[in-house]
Amino acid sequence: MKRLLPVLALGALTLAGCANTSPYSGNVYSGNQAKAAQSVTFGTITALRRVQIQADSRAGGLIGTGGGAVIGGLLGNQVGGGSGRTLATAAGVIAGSLAGSRIEESSNLIPAWEIEIRQDNGQNVVVVQKADQALQVGQRVRIIGSGTSASVAPY
C-alpha cells in the first residue's frame with residue numbers, strides 16, 4: 001500500500017494538468033470556424049501586457065479534487081487508531097481535496113497576451129489570446145473575426 005501511494009499521487013497530479021489550451025491560441029480554429037467567412041480588420045499594436053488565462057479542466061475539477069481526496073484519505077488513514085484514525089482520515093480527505101483542487105487550478109493557467117490594437121478606422125480594441133506568437137508594440141496585425149472568436153495574427 002505504501003508503494004502505491006506515490007504512484008497514485010503522481011498520477012493524480014499528471015492528470016490534473018489535462019486542460020485543452022488550444023482554443024486560446026490565435027493559430028487554432030474551432031470546427032465551426034473552418035470554412036466560415038470571417039471579417040478582417042487591420043491595425044497596429046499599441047500595448048502588450050502579459051496575463052494568464054484560467055483554462056477549464058476537461059474533467060470539471062474532478063480529477064484534482066477527487067484525486068487529492070483519495071490521497072489525503074489514504075495518508076490520514078495511516079495515522080492513529082480507532083476513532084482517531086477515522087478523524088485523521090476525514091481530515092485527510094478534506095485537506096487533500098482542497099490541495100488537489102488548488103494544484104489543478106494552478107496547472108491550468110496559460111501564459112497569454114492582452115493585446116491592445118489601434119485599428120485603421122481609429123477605434124481601439126483589446127484581444128486576449130495564448131502567448132504562442134512573437135508580438136511587439138508597433139507591429140502591424142490583422143484582427144480576424146469578432147466578438148468571442150477574434151484572434152490576432154501578424155500582418
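Trainee: Leaving aside neighbours within four places in sequence, which residues is Q139 in contact with?
Mentor: In this predicted model, Q139 is in contact with G43, T44, I45, A134 and P154, once neighbours within four places in sequence are set aside.

Trainee: And where is Q139 found?
Mentor: Q139 belongs to the loop between β3 (124-130) and β4.

Trainee: Is Q139 buried or exposed?
Mentor: Q139 counts as buried, because its relative accessibility is 18% and the cut-off for buried is under 20%.

Trainee: What lies 3.0 Å from a polar atom of its side chain?
Mentor: That is the backbone nitrogen of Q136.

Trainee: Let us turn to the core. Which residues make up the largest nonpolar core?
Mentor: The largest nonpolar core has 9 residues: I45, W113, I115, I117, V127, L135, V141, I143 and V152. At least two of its residues come from each of β2 (109-119) and β4 (140-144).

Trainee: Which strand gives the most to this core?
Mentor: Strand β2 does, with 3 residues.

Trainee: What does I117 contact, neighbours within four places in sequence aside?
Mentor: The contacts of I117 include I45, V141, I143 and V152. Also among them are G43, T44, T46, Q123, N124 and V125.

Trainee: How many residues does the second, separate core have?
Mentor: That core has 5 residues, among them I53, A55, I110 and A112.

Trainee: What sits over the ring of W113?
Mentor: The charged end of R50 does, 4.0 Å from the centre of the ring.

Trainee: What about Q119: which strand is it in, and is it buried or exposed?
Mentor: Q119 is in strand β2, and it counts as buried at 10% relative accessibility. Apart from neighbours within four places in sequence, Q119 contacts T41, F42, G43, V125 and I143.

Trainee: Next, β4 and β5. In what sense do they pair?
Mentor: Strands β4 and β5 (residues 151-154) pair in the antiparallel sense over 4 bridges. In β5, V152 is the bridge partner of I143.

Trainee: Which residue takes a positive phi in that hairpin?
Mentor: G145 does, with a phi near 90°, in the hairpin of β4 and β5, which has 6 residues between the strands.

Trainee: And R142, what does it touch beyond four places in sequence?
Mentor: R142, which is found in strand β4, touches V40, T41, F42, S151, V152, A153, P154 and Y155. R142 counts as partly exposed at 29% relative accessibility.

Trainee: How far apart are R142 and I117?
Mentor: R142 and I117 are 25 residues apart in sequence and 9.6 Å apart in space, C-alpha to C-alpha.

Trainee: Changing topic, how many aromatic pairs are there?
Mentor: The count comes to 1 aromatic pair. F42 and Y155 form this pair, which is edge-to-face, at 4.8 Å centre to centre and 70° between the planes.

Trainee: Which parts does the pair tie together?
Mentor: F42 lies in strand β1 (residues 40-54) and Y155 in the segment after β5, so the pair ties together parts that are 113 residues apart in sequence.

Definitions and conventions
Residues numbered from 1 in each chain as written. Predicted model: local features only at pLDDT ≥ 70, side-chain atom pairs only at ≥ 80, totals over all residues. Heavy atoms only, no water. Core = buried A, V, L, I, M, F, W, Y, C linked by side-chain atoms within 4.5 Å. Buried < 20%, exposed > 50% of the residue type's maximum accessible area, 1.4 Å probe, protein only. Contact = heavy atoms within 4.5 Å. Pairing = 2+ DSSP bridges. Phe/Tyr/Trp six-rings, centres within 6.5 Å; stacked < 30°, edge-to-face > 60°. Lys NZ or Arg CZ within 6 Å of the ring centre and 35° of its normal. Polar contact = N/O pair within 3.5 Å; in protein donor to acceptor, adjacent residues only side chain to side chain.
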